[in-house]
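Trainee: Before I set anything up with this model, could we go through it together, one question at a time?

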Amino acid sequence: MSAPSLMLIGAKDETVDKAVALGLEVVLLQHPAKVTPRQKEVVTACHIVDYTDWAEVRPLIESIAGRRRIGSVLSLTEAGVENAGRANDLLGLGGTGYVVARRFRDKAEMRSHLERTGFDTVAHAHLGTRADLEHFASRNGFPFVVKPVDATAGVGVMVVAGDHDLGHVWEKVRALKGSRTNRGSTLYTLSRFVMESYLEGPEFSVETMSYQGRHVVLAITEKYLAAPGTAEVGHAVPARVPRDVQDEIKRYVRSLLSVMGLRDGPGHTEVRLGPTGPRVIEAHNRPGGGAIPSLVRAVTGVDQAGAALAAPFMITQPLPGDPPATGGAASRFLASDGGVLRSIEGFEPLRACPEVLVAAPLLAAGQCVGALRDNWDRVGMVAVKSADPGSALALGEELLDEHVRVELTSSAQGTHRAYVVPLSGANRPNLMEVAQ
């Protein structure tokens, strides 16, 4: 009998290459808008389908499974994890099933599940009418957050600071409802919104790999957000917090993942550290974005995606414990005041620098971009390694500022340059407060 194949639902070229390098036969289900010549070239079989549509995907999977032995179904992309879960259930493969995958994807269901199980969570409610906003404010106060239940990268996330925000937030919700977004990697319709009490405190993400219910923490990441806004403008690994704070965050996230039902595979959990300790913002059964896995690999030697691909086939041994960190790594981003991208220069030479992990434009010349609202408005990035996280953050800014030139045009400003988003004034970890 032939060796079992890996079925990937949605993937970047890098993920496909890693799976093939592990010696796996890869069956790829890829969206028509995302397929690349590279993917078609290296995989065993490539099926072009809207992989977010289960009505299309299910008969295709059944047909493939009738001809080929499938050992595991995985997705490391947000839009693919639910149907990967359905496929695991359909084929009886184990791994993360639909119920758990949906629990991670649906932000309202995550809050409800945590509440049902007695896990500490924030006040939350479904948003259906403008009156719901007023009712939530009267019961829970300001500020609070409104967001789609299944979007990513800060799309549609709004902070309601007071009564003066209720009208325009409701109008934005009405405009977004029913819209199909294809910004970045998102491939779905925004349909439902949830309200949640706002969490104060510095923000971190926790990168994990789980093995039969044992959760290994690969790293804790410092996260820097544009102020005001939800766009992530910098990351640093490892987070510069005292050991007791690290241990508290790790214990919390391990407990959260167990309550959520995750037993195997990668995780990316976003938390804020407030007066009562860490509290979850969102959790995902996939790796993080913004080159966070590259930062983690640079300081720990662990490739989170590679580990996730190898684990179901026992190609590598499970990690015995949390890996130690050596040195530091960070990512920095370019943004603009909006317009049409006119030219992009300087990224390719940066890739030859030994300290550079990733250097890339995030949009292409000719595309329109808005002023910084969420992660999809960032126009370029660099990720670097250095002696420590602080020097890595500074080096990333220096390299972008000195070597990269991205020009835009707009009716309001004419020709202007994208800029490195400063960390001063950002909603960022107050490391002095955390240390105290």
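Trainee: Which residues does Val379 touch, leaving aside those up to four places away in sequence?

Mentor: Bear in mind that this is a predicted model. With residues up to four places away in sequence not counted, the contacts of Val379 include Leu334, Ala335 and Leu341, and also Pro361, Leu362 and Leu363.

Trainee: Which element gives the largest share of the largest nonpolar core?

Mentor: That core has 31 residues, and Leu334, Val379 and Val406 are the ones that touch the most other members. Two or more residues each come from β13 (232-237), β16 (328-335), α12 (347-350), β18 (356-361), β20 (380-386), α13 (389-403) and β21. The largest share of the core is five residues, and the element that gives it is α13.

Trainee: How many residues does the other core hold, the one that lies apart from it?

Mentor: Among the members of this other core are Leu114, Phe119, Phe204 and Leu262.

Trainee: Which strands stand at the edges of the open sheet of four strands?

Mentor: The order in this sheet is β19-β17-β21-β22, with antiparallel pairing. Within it, β21 (residues 405-410) is joined to β22 by four bridges, and Leu408 stands opposite His416 in β22. Two strands have a single partner strand each, so one side of each is left without a neighbour in the sheet, and these edge strands are β19 (368-369) and β22 (414-417).

Trainee: Which residue of β10 is the bridge partner of both His126 and Lys147?

Mentor: Strand β10 (residues 193-197) is joined by four antiparallel bridges to β5 (residues 124-127), and by five antiparallel bridges to β6 (residues 144-148). The bridge partner of His126 in β10 is Val194, and for Lys147 the partner in β10 is likewise Val194.

Trainee: Are the residues of β10 buried or exposed?

Mentor: Phe193, Met195 and Ser197 point one way from the strand, whereas Val194 and Glu196 point the other way. Strand β10 is mostly covered, with five of its five residues counted, and for both directions the answer is buried.

Trainee: Over which residues does pLDDT stay under 50?

Mentor: The protein averages a pLDDT of 91, and 93% of the residues score at least 70. Where pLDDT is low, the predicted coordinates should not be read in detail. The model has 10 contacts beyond four places in sequence for the stretch where pLDDT stays under 50, which is residues 430-436.

Definitions and conventions. Residues are numbered from 1 along each chain as its sequence is written. This is a predicted model: local features need pLDDT of at least 70, side-chain atom pairs count only at pLDDT 80 or more; totals for chains, interfaces and linings use all residues. Side-chain values use heavy atoms; hydrogens and water are left out. Two strands pair if DSSP finds at least two bridges between them. Buried means under 20% relative accessible area, exposed over 50%, partly exposed in between (1.4 Å probe, protein chains only). pLDDT is the predictor's confidence in each residue, from 0 to 100. Contact means heavy atoms within 4.5 Å. A nonpolar core is a set of buried Ala, Val, Leu, Ile, Met, Phe, Trp, Tyr and Cys residues joined through side-chain atoms within 4.5 Å.
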